[in-house]
Amino acid sequence: MRPTAKFSISFGLVTIPVAAYNATDTSASVSFVRIHTADGGRVRNQPVCSLEGTEVSPDEIGRGYRPHDADVVVPLSDEDLDALPLPTAKTLTILAFVAGGDIDPLQMGKGYYLATDSPAAAKPYVLLREAMERHERVGLGKIALHGRETLAMIRPMGDALVMQVLLWPHQIRPMDGVLPEREAEVHPNEVAAAETLMDSFGELSEEDLHDHYREALEELVSAKLAHREPEFDTGEEPPSGGQVMDLMAALQDSVRAAKRSRGEDEGDEGRATAKRPAKKAAAKTSTASGTKTGTKSGTKSGTKTASGAATKSAAKKSTAAQSATKKTAAKTTAKKKTASRGSRRAG
């Protein structure tokens with residue numbers, strides 16, 4: 001890896017020669033080229049002279065500066081730029097040490113790894129790194145990179161020093177028209193629910209820091225080259241966004257969904273499920289016991305009732321039989337008396 005710049009860090013009377021290496025790689029990001037949709041030909045940006053209308057080769061291209069109050073461009077050569085009285089051209093002079101939290105993240109730009117550029121720079125390099133780490137401070141200074149002076153922040157990161165290019169304060173736009181026109185009222189219980197939701201998110205995983213879009217794009221291109229349908233790993237569909245009607249309910253549902261996605265409440269659900277069959281079994285036992293008790297009780301009661309009814313019926317039949325016997329005996333006696341009287345008259 002080649003250094004992009006070499007300069008010295010000025011830490012009071014201590015000078016540390018360093019070499020700056022790009023800490024980021026933008027070549028791995030997704031990029032497209034412009035094409036002519038009619039035939040697929042590349043559409044390129046050709047450097048063309050605005051006066052002659054002809055293409056200009058790279059060795060004929062120089063630099064110029066246009067003042068804000070004039071409509072002219074002043075040509076500037078490399079010799080003109082090198083002659084500028086710019087102390088930050090080869091030296092990053094640390095102006096102050098501040099807490100890292102005091103730096104507005106909007107100002108942070110490209111990052112560089114700083115390595116020692118000579119054996120003698122090793123000790124002051126480690127000294128500056130250890131002092132900032134123990135003091136929990138970062139260094140602020142100015143450096144000229146690629147023909148421009150910029151603010152820079154130096155901070156320790158592991159065993160190395162890292163330089164972060166910072167934007168100037170005037171390069172941060174004001175927030176005019178960004179804030180809502182009317183201040184919304186938020187209740188404390190809603191804030192507490194939002195904090196609970198924040199805690200339920202947990203830590204970032206390696207899968208979260210994966211560029212799925214790039215993989216899907218490469219699969220799409222491979223499928224087109226092979227004249228086949230692309231095979232995408234869709235995974236879980238993200239929740240569809242919608243208008244929030246009940247903020248508290250949405251927060252509570254989000255907490256439950258986040259816990260379910262990590263399986264944190266599976267044990268609770270399992271225990272609840274285990275309790276429910278026990279209740280059902282108890283209910284079944286109670287029902288069965290009641291049924292048996294009812295059956296026995298009903299059987300005994302029914303037996304007693306039937307027995308009583310049969311006894312009463314037999315008693316009624318016995319009484320009727322006795323009554324019929326008495327009537328028959330009475331008739332027989334009457335007939336005998338009549339016959340006896342008849343025989344007496346005949347004699």
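Reader: How many bridges join S8 to S9, and do the strands run parallel or antiparallel?

Author: Strands of a sheet pair through backbone hydrogen bonds, either parallel or antiparallel. In this predicted model, S8 and S9 run antiparallel, joined by seven bridges. Take two partners to see it. Met157 has Ala160 of S9 as its bridge partner. Arg155 stands opposite Val162, again in S9.

Reader: Which residue takes a positive phi in the hairpin of S7 and S8?

Author: His146 does, with a phi near 55°. That hairpin also has two residues between its strands. S7 and S8 pair in the antiparallel sense, over seven bridges.

Reader: Where do I go from S7 on its other pairing, to S5?

Author: Look at residues 91-98 for S5 and residues 138-145 for S7. Five bridges join these two strands, and they run antiparallel. Phe97 stands opposite Gly139 in S7.

Reader: And how do S6 and S9 pair?

Author: In the antiparallel sense, over five bridges. Find Tyr112, then look across to Met163 in S9.

Reader: In what order do the strands close into a barrel?

Author: Follow S1-S2-S6-S9-S8-S7-S5. Seven strands close the barrel, and the pairing is mixed. Neighbouring strands of this sheet are turned by 40° against each other on average, with direction ignored.

Reader: Which helix packs on the sheet?

Author: Helix H2, residues 122-135. H2 touches S1, S2, S5, S6, S7, S8 and S9. Compare directions too: that of H2 makes about 70° with that of S9.

Reader: Ser8 comes next. Is Ser8 buried or exposed?

Author: Use the cut-off: buried means under 20% relative accessible area. Ser8 has 17%, so Ser8 is buried. This residue is found in strand S1. Beyond four places away in sequence, Ser8 touches Thr15, Ile16, Pro17, Lys90, Thr91 and Leu92.

Reader: Is Leu95 buried or exposed?

Author: Exposed means over 50%. Leu95 has a relative accessible area of 58%, so Leu95 is exposed. Its place is in strand S5.

Reader: What does Leu95 touch, leaving out residues up to four places away in sequence?

Author: Leu140, Gly141 and Lys142. Leu95 and Leu140 are 45 residues apart in sequence. In space they are 5.7 Å apart, C-alpha to C-alpha.

Reader: How many residues of S9 are buried?

Author: Six of the seven, so S9 is largely enclosed by the rest of the structure.

Reader: How do I check the length of a helix such as H4?

Author: Count residues, then compare the expected span with the distance between the ends. H4 covers residues 212-225, which makes 14 residues. At 1.5 Å a residue, H4 should span 20 Å. The end C-alpha atoms of H4 are 20 Å apart, so the two values agree.

Reader: Which residue with a positive phi follows H4?

Author: His227, with a phi near 55°.

Reader: How many helices and strands are in the protein?

Author: Six helices and nine strands. Of the 347 residues, 15% count as buried. The accessible surface comes to about 27,900 Å², and 55% of that belongs to carbon and sulfur atoms.

Reader: What share of the contacts join residues at least 24 apart?

Author: Take contacts between residues at least 6 apart in sequence. Of these, 59% join residues at least 24 apart.

Key:
Residues are numbered from 1 along each chain as its sequence is written. This is a predicted model: local features need pLDDT of at least 70, side-chain atom pairs count only at pLDDT 80 or more; totals for chains, interfaces and linings use all residues. Side-chain values use heavy atoms; hydrogens and water are left out. Two strands pair if DSSP finds at least two bridges between them. Helices (H or I, at least four residues) and strands (E, at least two) are DSSP runs, numbered from the N terminus. Axes are lines fitted to C-alpha atoms, for helices over the stretch in contact, and angles run from 0 to 180 degrees between N-to-C directions. Contact means heavy atoms within 4.5 Å. The expected span of a helix is 1.5 Å times one less than its number of residues. Buried means under 20% relative accessible area, exposed over 50%, partly exposed in between (1.4 Å probe, protein chains only). Accessible areas come from the Shrake-Rupley method with a 1.4 Å probe; for residues, only the protein chains shown count as cover.
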